[in-house]
Amino acid sequence: MAGPAIIAAEGVSKVFGANRVLTRVSLSVAEREVVCIVGPSGSGKTTLLRCFALLETPSEGRVIMDGNVIATPAPSAAIRRASRTVRSNIGMVFQHFNLWPHMSVLENLIEAPIRVKGLPRKEATQVADRLLAKVGLSDKRDSYPGRLSGGQQQRVAIARALAMSPKVMLFDEPTSALDPELRREVLLVMRQLAGEGMTMLVVTHEMGFARHVSSRVVFMDLGEIVEESVPGRFFTAPKTERAKRFLQQFED
């Protein structure tokens, strides 16, 4: 890891009824790192990301941000307060956009900064306009999500997460619902964020992005981290047979 962790999971397990999805997973992400989590469907990648995002409570273990425990199986009042405090420091981009359909693009971006952070509307609008320019959608400011392509909606979703000025951005397969051309425009925005030093944890099947943009690649299978290394080593000389079999499906 590059330095002190911004966010970390320590021994995190997650059980849904009789189904154990995660088993004692530990993973840290340092400032300015881009960590890509890859692996077959059903390996626990999204559940781990949702634990980092405080959308799932660990069955075992804990999640830590900036040295403070923010999630445990039975959080104390102090941990609940800490989680509320840091929640706005975690930006999340989902597979299916999750934009508010009854709000314009601008309204989608300014709602949380005004309601959660207490930003004046004028300031929130200035931030939103800057972010829409960053993702190339200034001309869609007053449009509604239903009038946008999937790639445009996902770029709005990224801008909306950035509007809260998060310390870390979490991406849950943000291109999997898009066709190849639209995937490219979203990946360009993500590459730009990585180049600007945004700390990112990305669940993805985009092996090109993981190979060329990530600081580390984490391979998961059956709810566990099986392998973790820099992309050059992972893609050219994976250490485990499970990782080798997984990568073979992406070979020409």
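This is a predicted model: local features need pLDDT of at least 70, side-chain atom pairs count only at pLDDT 80 or more; totals for chains, interfaces and linings use all residues.
Val105, Asn108 and Leu109 in H3 meet Val156, Ala159 and Arg160 in H5. By residue type, this contact of H3 with H5 divides into four nonpolar, one polar and one charged.

Two packed helices are described by the angle between their axes and the distance between the axes.

| Helix pair | Angle between axes | Distance between axes |
|---|---|---|
| H3 (residues 105-115) and H5 (residues 150-162) | about 25° | 8 Å |
| H5 and H6 (residues 180-195) | about 20° | 8 Å |
| H3 and H4 (residues 121-134) | about 130° | 9 Å |

Let us start with H3 and H5, whose axes make an angle of about 25°. That angle makes H3 roughly parallel to H5, and the crossing of the two helices is right-handed.

H5 also packs against H6, at an angle of about 20°. The two helices are therefore roughly parallel to each other, because angles under 35 degrees count as such. H5 passes H6 in a right-handed crossing. On the H5 side, the contact involves Gly150, Gly151, Gln152, Gln154, Arg155, Ile158 and Leu162, which meet Leu182, Glu185, Val186, Val189, Met190 and Leu193 in H6. Sorted by type, the residues of this contact are seven nonpolar, four polar and two charged.

How are H3 and H4 oriented to each other? With an angle of about 130° between their axes, H3 and H4 are therefore oblique. Their crossing is right-handed. H3 brings Val105, Leu106, Leu109, Ile110, Pro113 and Ile114 to the contact, while H4 supplies Arg121, Ala124, Thr125, Ala128, Asp129, Leu131 and Leu132. These residues divide into ten nonpolar, one polar and two charged. Val105 and Leu109 of H3 take part in this contact with H4, and Val105 and Leu109 also meet residues of H5.

### Two residues with positive phi

Now for some backbone detail. Arginine 24, found in strand E2 (residues 19-30), has a phi near 45°, a positive value in a residue other than glycine. Is arginine 24 buried or exposed? With a relative accessible area of 58%, arginine 24 is exposed.

Leucine 54 has a positive phi as well, near 65°, and is likewise a residue other than glycine. Leucine 54 sits in the loop between helix H1 (45-52) and strand E4 (60-65). At 13% relative accessibility, leucine 54 counts as buried, because the cut-off for buried is under 20%.

### Charged residues, inside and out

Arginine 216 is worth a visit too, in strand E9 (residues 216-221). Its relative accessibility is 9%, so arginine 216 counts as buried. Which side chain does the side chain of arginine 216 contact? The partner is the side chain of glutamate 228, in a polar contact of 2.2 Å.

Glutamate 251, in the segment after helix H9 (241-248), counts as exposed at 55% relative accessibility. From C-alpha to C-alpha, glutamate 251 and aspartate 179 are 20 Å apart in space, and 72 residues apart in sequence.

Note on methods
Residues are numbered from 1 along each chain as its sequence is written. Side-chain values use heavy atoms; hydrogens and water are left out. Axes are lines fitted to C-alpha atoms, for helices over the stretch in contact, and angles run from 0 to 180 degrees between N-to-C directions. Helices (H or I, at least four residues) and strands (E, at least two) are DSSP runs, numbered from the N terminus. Angles under 35 degrees count as roughly parallel, over 145 as roughly antiparallel, 65 to 115 as roughly perpendicular and the rest as oblique. A crossing is left-handed if the near helix is turned anticlockwise from the far one by less than a right angle, and right-handed if clockwise. Contact means heavy atoms within 4.5 Å. Ala, Val, Leu, Ile, Met, Phe, Trp, Tyr, Cys and Pro count as nonpolar, Asp, Glu, Lys and Arg as charged, and the others, Gly among them, as polar. Buried means under 20% relative accessible area, exposed over 50%, partly exposed in between (1.4 Å probe, protein chains only). A polar contact is a pair of N or O atoms within 3.5 Å; within protein, one must be able to donate a hydrogen and the other to accept it, and residues adjacent in sequence count only if both atoms are side-chain atoms.
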